[in-house]
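Here is a friendly walk through a structure that may be new to you.

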2 protein chains.
Amino acid sequence: MGESFEQVVQRVNAHLAAYFQEKRLETQRLSPRAGELVEAVAELTMRGGKRLRPIALHAGYRAVCPSGDAERTSAVSAALELLQSYFLIQDDWMDSDEERRGGPAVHIVLTRAHGDDKLGASLAILAGDLAAGFAFELLHRAPFPAARLPEGLAAFSRMHLEVVCGQQLDLLEHEDVALTHHLKTGSYTVRGPLRLGALLGDATPAQLDALERFGEPLGLAFQLRDDLLGTFGDPRITGKPAGHDLREGKQTVLVAEARASLGAADRERLERVLDHAEPSPREIAELTDLLVQSGVRARVEAKLDGLVAHASQVLAGAALAPEGTQMLEALLARFAQRDK
Amino acid sequence: MGESFEQVVQRVNAHLAAYFQEKRLETQRLSPRAGELVEAVAELTMRGGKRLRPIALHAGYRAVCPSGDAERTSAVSAALELLQSYFLIQDDWMDSDEERRGGPAVHIVLTRAHGDDKLGASLAILAGDLAAGFAFELLHRAPFPAARLPEGLAAFSRMHLEVVCGQQLDLLEHEDVALTHHLKTGSYTVRGPLRLGALLGDATPAQLDALERFGEPLGLAFQLRDDLLGTFGDPRITGKPAGHDLREGKQTVLVAEARASLGAADRERLERVLDHAEPSPREIAELTDLLVQSGVRARVEAKLDGLVAHASQVLAGAALAPEGTQMLEALLARFAQRDK
């Protein structure tokens with residue numbers, strides 16, 4: 001196969017670094033204090049992240065344009081990472097999460113620097129605005145084939161709309177967990193990036209359709225894996241405490257499956273832990289065991305396997321370039337079987 | 001002359017109304033709760049506002065394209081109004097302003113609906129996000145001549161960047177008042193819209209340059225007028241209490257001029273009122289008198305007149321269409337001599 005994931009990640013990181021350098025110079029000339037906001041965005045963005053969206057985007061591009069210039073995906077990949085920074089900055093403030101990517105959340109950094117909660121939160125929202133503006137600027141510079149530009153811009157706007165609607169449902173603790181997940185990660189994590197990559201490569205309608213049918217189960221698989229890791233993941237690998245999502249009372253697919261299948265007494269235990277502000281490690285361990293013993297975990301894993309098999313099947317029959325198909329298969333393995 | 005300002009306003013209002021209707025239907029299919037955010041944005045946007053940016057944009061268009069389709073400016077005009085809604089929603093929360101355009105601010109509406117300050121603020125930030133996404137979507141649909149699209153998109157991104165940097169300086173109570181104003185309103189209120197209109201009309205470089213030289217003093221004049229009204233405006237017309245800006249301790253051009261020209265004792269009186277959380281009506285009245293008696297008001301008014309004369313002079317020598325020049329002259333009168 002052509003490029004490794006590592007090469008894709010290096011390329012988007014280099015593009016981001018150069019872009020931030022440009023913005024540092026531009027804002028220096030504009031305003032004496034703007035540097036603080038630019039650094040907050042740059043630091044969070046370069047702190048890490050799995051760069052799954054750039055990888056998905058590049059795979060979508062390669063699937064339709066196996067010999068095109070590899071650089072063609074960098075600007076939109078960077079735009080996706082900045083869109084992600086913008087959402088992370090806002091979500092962390094909204095959810096009162098103090099850590100992100102192994103460091104302090106942006107509203108925490110800015111609150112410490114200015115010694116004022118409201119001012120720190122307001123500056124964080126402005127840092128998020130800056131990241132959003134950067135995302136659109138990078139998108140605008142992307143080398144879409146002229147005829148595909150409107151579709152590319154529309155795909156980006158649609159992703160933005162879906163994530164905002166998903167975050168709203170999350171804040172309202174809406175009962176339809178699947179819909180919240182679908183909106184927050186469905187189009188944004190997998191389908192959107194695949195489509196944007198394919199449009200950069202001037203895909204045919206049949207190719208766009210195949211990638212859409214591949215991306216749908218892959219996005220769901222990604223979410224199921226995320227939920228499984230949040231509850232059963234190894235704390236030494238995920239970096240989160242055991243049973244993290246249960247502790248946080250998060251509405252995951254596992255919780256939905258448990259609610260649908262457990263008896264009344266077990267369901268009550270589940271709700272007690274989820275509602276509890278600080279459940280004990282023992283309560284968490286017992287509930288985790290219950291989810292295993294009752295077959296909830298196995299059923300969600302079986303669903304995940306089914307989704308992966310389905311996505312793989314779609315690929316087998318699609319009119320996509322072998323170089324891209326290999327990359328999409330690798331993506332499938334990476335998304336669905338990742339351990340952190 | 002061709003169109004009246006009223007016609008321009010009606011056209012952008014119709015475009016906005018149709019767009020919101022489209023978004024209502026789209027989000028209804030997407031998420032059961034999204035309607036609340038869409039309505040918050042639509043309601044604030046349609047509640048009023050002077051539509052100065054659409055008027056400036058249309059005048060810029062007419063100045064270079066006197067016989068072009070009047071509809072060509074509607075999408076970008078609507079985009080500017082949504083950008084404005086996004087900034088207003090955020091600023092009102094940041095500044096703890098509870099009223100806007102004669103009704104409750106968006107974070108107040110949403111806090112009342114959900115009975116929780118943090119949730120109300122978070123939902124307001126999401127409503128702002130939605131407005132920003134709408135603004136970019138409308139921009140993307142705008143009928144720029146293909147060759148001018150990159151400049152149009154860049155002008156929009158630049159405005160966004162400047163306003164965010166200006167709002168940051170405002171939050172930090174930065175001492176350079178002129179820079180804060182320049183960033184918050186300079187490019188965004190006048191120069192940006194004029195440029196976008198001219199690009200929609202496929203302006204020549206000389207025309208863009210003339211509009212830039214016209215817009216610079218006009219933007220400053222707009223700001224001076226705003227500051228004069230905020231301090232000396234008639235409460236029955238402005239809808240704000242007498243001496244509103246002094247009461248709020250706002251760093252206006254009048255305050256900067258007073259600091260530079262008053263004696264030590266008077267300067268101390270000024271700072272006392274500005275620092276006071278709730279100055280008495282008498283203190284406000286005395287300070288207002290002082291600003292008149294000491295000639296501060298007259299000097300700011302003279303500056304304003306100078307700016308208007310300068311802008312008018314630029315127009316007289318510019319290679320712009322007479323239909324557009326008439327509209328720009330009317331804009332100058334409207335901006336610099338408005339009483340609310």
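R51(A) counts as buried because it has 23 C-beta neighbours inside 10 Å. The scale behind that word puts a residue down as buried if 20 or more other C-beta atoms lie within 10 Å of its own, exposed if 12 or fewer, and partly exposed in between, with C-beta atoms placed from the backbone. You will find R51(A) in the loop between α2 (34-46) and α3 (52-64) of chain A. Its backbone has a feature to look for as well: phi of R51(A) is near 55 degrees, a positive value in a residue other than glycine.

Before going further, please note that this is a predicted model, in which local features need pLDDT of at least 70 and side-chain atom pairs count only at pLDDT 80 or more, while totals for chains, interfaces and linings use all residues. Residues are numbered from 1 along each chain as its sequence is written, and chains are lettered from A and ligands numbered from 1 in the order in which they are written. The names of helices and strands come from DSSP runs (H or I of at least four residues for helices, E of at least two for strands), numbered from the N terminus.

The place to look is the loop between α4 and β1 (99-100) of chain B. Is S96(B) buried or exposed? S96(B) counts as exposed, because it has 10 C-beta neighbours inside 10 Å.

F5(A) belongs to helix α1 (residues 5-30) of chain A, and F5(A) is partly exposed, with 18 other C-beta atoms within 10 Å. From its C-alpha atom to that of T180(A), 175 residues apart along the chain, the separation is 29 Å. D275(A) sits in helix α13 (residues 264-275) of chain A and counts as exposed, with 9 C-beta neighbours inside 10 Å. Between D275(A) and A330(A), 55 residues apart along the chain, the C-alpha atoms are separated by 39 Å.

Now to the way helices pack. Two packed helices are described by the angle between their axes and the distance between the axes. Here the axes are lines fitted to C-alpha atoms, for helices over the stretch in contact, and angles run from 0 to 180 degrees between N-to-C directions. Angles under 35 degrees count as roughly parallel, over 145 as roughly antiparallel, 65 to 115 as roughly perpendicular and the rest as oblique.

In chain A, helix α15 (residues 296-316) and helix α16 (residues 322-337) pack at an angle of about 175 degrees, with their axes 11 Å apart. α15(A) and α16(A) are therefore roughly antiparallel to each other. Among the residues of α15(A) that meet α16(A) are L304(A) and V308(A), and the residues on the α16(A) side include L328(A) and L332(A). Two residues are in contact if their C-beta atoms, placed from the backbone, lie within 7 Å.

In chain B, the axes of helix α13 (residues 264-275) and helix α14 (residues 281-293) come within 11 Å and cross at roughly 140 degrees. α13(B) and α14(B) are therefore oblique to each other. The residues of their contact divide into five nonpolar, no polar and three charged. In this grouping Ala, Val, Leu, Ile, Met, Phe, Trp, Tyr, Cys and Pro count as nonpolar, Asp, Glu, Lys and Arg as charged, and the others, Gly among them, as polar.

Also in chain B, the axes of helix α3 (residues 52-64) and α4(B) come within 9 Å and cross at roughly 150 degrees. This makes α3(B) and α4(B) roughly antiparallel to each other.

Finally, look at how the chains meet. In all, 35 residues of chain B are in contact with 35 residues of chain A. On the side of chain B that touches chain A, α6(B) gives the most, with 12 residues. By class, that side has 20 nonpolar, 11 polar and four charged residues. Of the interface residues of chain B, 100% are also interface residues in chain A, so the copies meet through the same surface.

A rotation of 180 degrees with 0.0 Å of shift along its axis superposes chain B on chain A (RMSD 0.0 Å). The two copies are thus related as by a two-fold rotation axis. The superposition is by least squares on the C-alpha atoms of residues with pLDDT of at least 70 in both.
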